[in-house]
Amino acid sequence: QVQLVESGGGLVQAGGSLRLSCAASGRTFSSYAMGWFRQAPGKERDFVAVIKWSTGSTYYADSVKGRFTISRVNAEDTVYLQMNSLKPEDTAVYYCAATGRRPVTFVQAMGVTVYDYWGQGTQVTVSS
């Protein structure tokens, strides 16, 4: 059984920073890429960023490019999302997700259907 556990959410003022963590566990965990998504109330779950485990290659949504950084520590099966210059519109529940072993393109990784595992989500609230 694979589990993804997010942490690091909270309340921050506009312009501030937060770092989210996503720790994967499970004896059979093996994934090609990890993604971060977010969902605001009444809206769809939107892609934020993705990273490939093997190469560390990354891809970002335009809305967060230059402000957010995704990284991973392979030995710990942990992925991070450093969020700087936060804006009120970044307010959402943030989810991490893991694909299976098969390779996916960055375009595919922007869609929720390629992910096999999801965390429970962590709330990020940015006040103006």
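## Nonpolar core

In this predicted model, the largest nonpolar core has 38 residues. A nonpolar core here is a set of buried Ala, Val, Leu, Ile, Met, Phe, Trp, Tyr and Cys residues joined through side-chain atoms within 4.5 Å; buried means under 20% relative accessible area, exposed over 50%, and partly exposed in between, with a 1.4 Å probe and protein chains only. Met-34, Trp-36, Leu-81, Met-83 and Tyr-94 touch the most other members. Two or more residues come from each of strand 3 (18-25), strand 4, strand 5, strand 7 (68-73), strand 8 (78-83), strand 9 (92-99) and strand 11 (122-127).

Beyond its neighbours within four places in sequence, Tyr-94 is in contact (heavy atoms within 4.5 Å) with residues including Trp-36, Leu-81 and Met-83. Glu-6, Arg-38 and Val-124 are also among its contacts.

## Overall fold

Of the 128 residues, 43% count as buried. Among contacts with a separation of 6 or more, 58% join residues 24 or more positions apart.

## Largest pocket

The largest pocket has a volume of about 200 Å³ and is lined by 13 residues. Arg-38, Lys-43, Asp-46, Glu-89 and Asp-90 lie nearest its centre. Strand 4 (33-39) and strand 5 (45-52) are the elements that give two or more residues to the lining.

On a 1 Å grid over the protein atoms alone, a pocket is an open set of points where a 1.4 Å probe fits, with protein on both sides within 12 Å along at least five of seven lines; lining residues have an atom within 4 Å of a point. Points are joined across faces, edges and corners, and the volume is the space filled by probe spheres set on them.

## Asp-116

Asp-116 is in strand 10 (residues 115-118) and counts as partly exposed, at 42% relative accessibility. Its C-alpha atom is separated by 9.1 Å from that of Ser-31, 85 residues away along the chain. Leaving aside neighbours within four places in sequence, Asp-116 is in contact with Ala-98, Thr-99, Gly-100 and Arg-102.

## Basis

Residues are numbered from 1 along each chain as its sequence is written, and side-chain values use heavy atoms, with hydrogens and water left out. In this predicted model local features need pLDDT of at least 70 and side-chain atom pairs count only at pLDDT 80 or more, while totals for chains, interfaces and linings use all residues.

Key. Helices (H or I, at least four residues) and strands (E, at least two) are DSSP runs, numbered from the N terminus.
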